[in-house]
Amino acid sequence: MRLLQQPPAHISGEILFDGVDLLKLPDDQMRKIRGDKIAMIFQEPMTSLNPVFKTGAQVAETLMLHRGMDKKTAWAKAIDLFNEVGIPNPTQKVHAYPHEMSGGQKQRVMIAMAIACDPKLLICDEPTTALDVTIQKQVLELLRGLQEKHKMSMLFITHDLGVIADVADDVVVMYRSKMVEKDKTRAIFESSKHPYTKGLIACRPDMGANPKRLLTVSDFMDEAGNGLKVTRDRVQVFEKDYEAKNGNDILLEVKDIHTHFPIKGGLFGRKVGEVKAVDGVSFQLKRGKTLGLVGESGCGKTTLGRTILRLVEPTSGSIFYDGKDVTKMGQEEMRLLRRKMQIIFQDPYSSLNPRMTVGEILTEPLVVHGLGGGKNERLDAAKALMEKVGMKANQLNRYPHEFSGGQRQRICIARALMLRPEFVICDESVSALDVSIQAQVLNLLLDLQQEFKLTYIFISHDLGVVNFISDEVGVMNKGVLVEMDRADRIYKQPREEYTKTLLGAIPKGLPKNIEAFIS
Amino acid sequence: MTTYIIRRLLYMIPVIFGVSFIIFVLFNVVAGDPAPLLLGKHATAQQIHDLREQLGLNKPLFAQYMDVVKSAFTFDFGRSWATRQDIIEMIRQGAWPSLTLTIPAFAISTILSILLSLVVAFYRGKGIDLTIRFLCIAGQSISSVAYILFFQYFFAYKLGWFEISGYEPEFPIFLSYVALPGIIWIVLSLGPDVRFFRTVILDEIYQDYVRTARAKGLGEITVLLKHVLRNAMIPIITYVVIQIPFLILGALLLESFFSIPGLGGITLNALNSSDFPVIKAMAVLSSIAYIMFSLLTDVLYTLADPRVKLK
């Protein structure tokens, strides 16, 4: 698309499109191709549309530009396009602004914009990564339908191999800026040659198997990129034993918790309504176990997690931690309890203070609680924990921006563990990470659980991840716990309709038994 | 939106009470007794007593406070201690010279800075960008008094293009008096304005929706003028509108150097002669103007950005 600014980008080689080298085209010629012959859909539907223009106008703009349509015809065509991409009430929705639409609808607008001029090539850059699984399924189906109808070629960029298996004819695997493998999709999944590809396929938490640990790319390949033999004694990927984990006493009991947020309006900001984020949830969690909470965005899973920690006050209900009602605790008692309860947030990029060094970040919880002795003892504790989470002790005086996403999430995990908690809530803690990094962090969380006897609540929209890490899984929808059961049972014999819909929306990929990777 | 505006106007009532209280405390409690100050060293106790009676300083403190509050609502600020003139009449007379100077200068400098910052954003990282940014910083680094003296000496005294100082209220004539201070105003604001607007526009240029607009095949100028500028309006509106209340206060420095009998001059004289009622009036009026224009800012947001809903 030649959307990169040059400089700083330096591009060499050839990009042949219909026999023409795009890199040699003058700017005005290239602009005629962009949006007309080659169109692109981006990862973030939330930010990829201009927030101050009506969605219809943004689609019409493309038509007016490339097809020379007048405003009226272009708007009429925009309505047709909205209809084609499956937006309900297209005649009204063209007048909606982006913020008045859901994420899925916004991505449909992006698609409408992209196919407006019948492009020959459609480039999709992670088009479903930011969407819930059920919406992802709809968008993928739409894209496939449109491709057939408009006879487009598609270049589909994603880190999700499940999606690749669903949409692609051919696959190119890239690693460290280089193409390492290229083949038919089936061949990639069944007989991949490069160790990196093998690692990518194997590290994806799969619904079919219930391994104790996930394989990671580093099991297949060393730092220098040489393939390694994956043998049974090097990796532990056996079926996990749900009953074997330590402890049977109940650590946490949530009884009929409601968390409502008021909607204010009118002249004096009276309460005119409320959002029932959590609407009557009860469950028990045993010490040392992991409860997975799944559900689509807006289902209340994050609010529930925050309510349990009393980062949000519940409207009613009670939360018993170790037999004591958390909702009735005073400030001082709550402060002492916070040592035992910690949380790891979703976004490792924004949840670390950019102006503090990693050492300051890690020792701050100790300072706040007046624990850990003097400054040097605290730093020693931080160093020890850095090594536990797979980092180096000498990285303590660096700042967060000097680390990669996976490393930062490790720092977040270390920060949560500094107070030696017994209960940790992981709120979408691996969602912002690539699959290969995700597998490493999930393994790390499991190791730490064993070592420090931790109890987890693991909140995620990714059913594969939740299945892998959890002993029990709770499915949430509209503020209510729809179903809760042992993880493997939820996935193999779901009872509720909603759970079945969620499970049905997961791209199946080409399932492959983990055992097949082990020699 | 109407309910929002009504509610915000209602909020003004407690704010005015608060502002009046602060002004009252500053002048009546912290500043001490103004009567001996006004009468000088040789005043007798009787004279001081009479003056205090006359100025209403013998009233209970609460009644004096309520006087300040009342004046904020009725705009009746009484008479100046120094000139015995009706204050609201003084302000009315001073407003015209001040506004004929500040409003055109402010409008021109704002439009000019936005245009310049668009040019700079278009050529970001290139020679033109660097040159203009260098000039902005260099221009900002020089004291405003240096500009005033130099411009006055060179353009008015040496070249005789403008009047050196003074003012005439009639229409075409006043231009020759306010043109030079106006130009100085524009030169002074250009530096900080262009730099601020440039930052705002460049913040937007790297957003995802701009990439989408380019992917459609739009040219860089359309992208800038249509997609980017509209989104940059929110910080621009905030920055621009909140300066307007200060225009009403007049340009203190420019007015005194160019002997323009505006509000800035009135305030300065009042400060010099401890003319409390005038200072109070100016403080109350500028607070009210500030509240009104921050309300206007919020209303303008809704025009610039459909996501803003005032409830």
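This is a predicted model: local features need pLDDT of at least 70, side-chain atom pairs count only at pLDDT 80 or more; totals for chains, interfaces and linings use all residues.
Local features need pLDDT of at least 70 and side-chain atom pairs count only at pLDDT 80 or more, whereas totals for chains, interfaces and linings use all residues. Residues are numbered from 1 along each chain as its sequence is written, and chains are lettered from A and ligands numbered from 1 in the order in which they are written.

Chain B contains 14 helices and zero strands, where helices (H or I, at least four residues) and strands (E, at least two) are DSSP runs numbered from the N terminus. The C-alpha trace of chain B spans about 85 × 60 × 35 Å along its principal axes. Of its 311 residues, 29% count as buried, a residue being buried if 20 or more other C-beta atoms lie within 10 Å of its own, exposed if 12 or fewer, and partly exposed in between, with C-beta atoms placed from the backbone. Among the contacts in chain B with a separation of 6 or more, 71% involve residues 24 or more positions apart, and a contact requires the C-beta atoms of two residues, placed from the backbone, to lie within 7 Å.

At the interface, 22 residues of chain B are in contact with 25 residues of chain A. On the side of chain B that touches chain A, at least two residues each come from α1 (2-30), α9 (208-215) and α10 (220-241), and α9(B) gives the most, with seven residues. The residues of this side divide into six nonpolar, seven polar and nine charged; here Ala, Val, Leu, Ile, Met, Phe, Trp, Tyr, Cys and Pro count as nonpolar, Asp, Glu, Lys and Arg as charged, and the others, Gly among them, as polar. B:I221 lies in helix α10 of chain B and is exposed, with 10 other C-beta atoms within 10 Å.

The largest nonpolar core holds 143 residues, of which A:A112, A:A114, A:A414, A:V424 and A:L442 touch the most other members; such a core is a set of buried Ala, Val, Leu, Ile, Met, Phe, Trp, Tyr and Cys residues joined through C-beta atoms within 7 Å. Apart from this core lies another, of 35 residues, among them B:V68, B:Y167, B:I260 and B:A270.

B:A270 also belongs to the packing of two helices, in which B:I266, B:T267, B:A270 and B:L271 of α13(B) meet B:V278, B:I279 and B:M282 of α14(B). By class, this contact has six nonpolar, one polar and no charged residues. The axes of α13 (residues 263-272) and α14 (residues 276-304) of chain B come within 8 Å and cross at roughly 135°, and α13(B) and α14(B) are therefore oblique to each other. Angles under 35 degrees count as roughly parallel, over 145 as roughly antiparallel, 65 to 115 as roughly perpendicular and the rest as oblique.

A:K478 is placed in the loop between β16 (472-477) and β17 (480-486) of chain A and is partly exposed, with 14 other C-beta atoms within 10 Å. B:F75 lies in the loop between α4 (61-74) and α5 (87-122) of chain B and likewise counts as partly exposed, with 13 C-beta neighbours inside 10 Å.

Methods. Axes are lines fitted to C-alpha atoms, for helices over the stretch in contact, and angles run from 0 to 180 degrees between N-to-C directions.
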